[in-house]
Amino acid sequence: MTLAILLLGLGIALVVAEVLFPSFGILSVLATTAIVAAVVLAFREGTDTGIAFLVATAVLVPAAVLAGLRVFPRTPLGRHMVASGLSFRSRSATDERDLTLLGKVGVVESPCRPAGMARIDERRVDVVTRGEFVASGVRVKVIEVRGNRVVVARVPEDGDSPTT
């Protein structure tokens, strides 16, 4: 039983190692061999023990892969292979002028289905609605600005019900 547990642990460690260090499948073959040997030894102990090892394998292998993928970008190799992308907290990911648009009114230049283009404050802005279609030429109001996403809603004409 101890050997089966050690082989299962070794197999899980080799799965993580395969994610962190490219070995062209060598570590994967060793991990598979260790895990299969652990399950076979567990079934020799008894059916219940074998099923417990199968369940543990079904849970631990995906967890080990996910753990390896979470750690990989912080490794020396991972820092070279994973591009650092922009986030909404990054200043270069957003247009600072968009932050001043909240509450402003503009005119839709291309139909919003739900994304489109509107002219607000004498400049063209990529906008998105809350899901509704807005035709060209309709007046809209900016109701939310989050990151690079400018959300607009139709401005009610006389006699229309408000949409905000």
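Analyst: Start with a term: a residue is buried when its relative accessible area is under 20%, exposed when that area is over 50%, and partly exposed in between, using a 1.4 Å probe and protein chains only. Helices (H or I, at least four residues) and strands (E, at least two) are DSSP runs, numbered from the N terminus. This is a predicted model, where local features need pLDDT of at least 70, side-chain atom pairs count only at pLDDT 80 or more, and totals for chains, interfaces and linings use all residues. Residues are numbered from 1 along each chain as its sequence is written, and side-chain values use heavy atoms, with hydrogens and water left out.

Now take helix α3, residues 47-71. The expected span of a helix is 1.5 Å times one less than its number of residues. With 25 residues, α3 should span 36 Å, and this agrees with its end C-alpha atoms, which are 35 Å apart.

Which residues of α3 are buried? They are Gly 50, Phe 53, Thr 57, Ala 64 and Gly 68. What covers them includes α1 and α2 (26-45). Contact here means heavy atoms within 4.5 Å.

Next, look at α1, one of those covering helices. It runs over residues 2-20 and contains Gly 9. Gly 9 has 40% relative accessibility, so it counts as partly exposed. Ala 38 is 29 residues away from Gly 9 along the chain, and their C-alpha atoms are separated by 9.1 Å.
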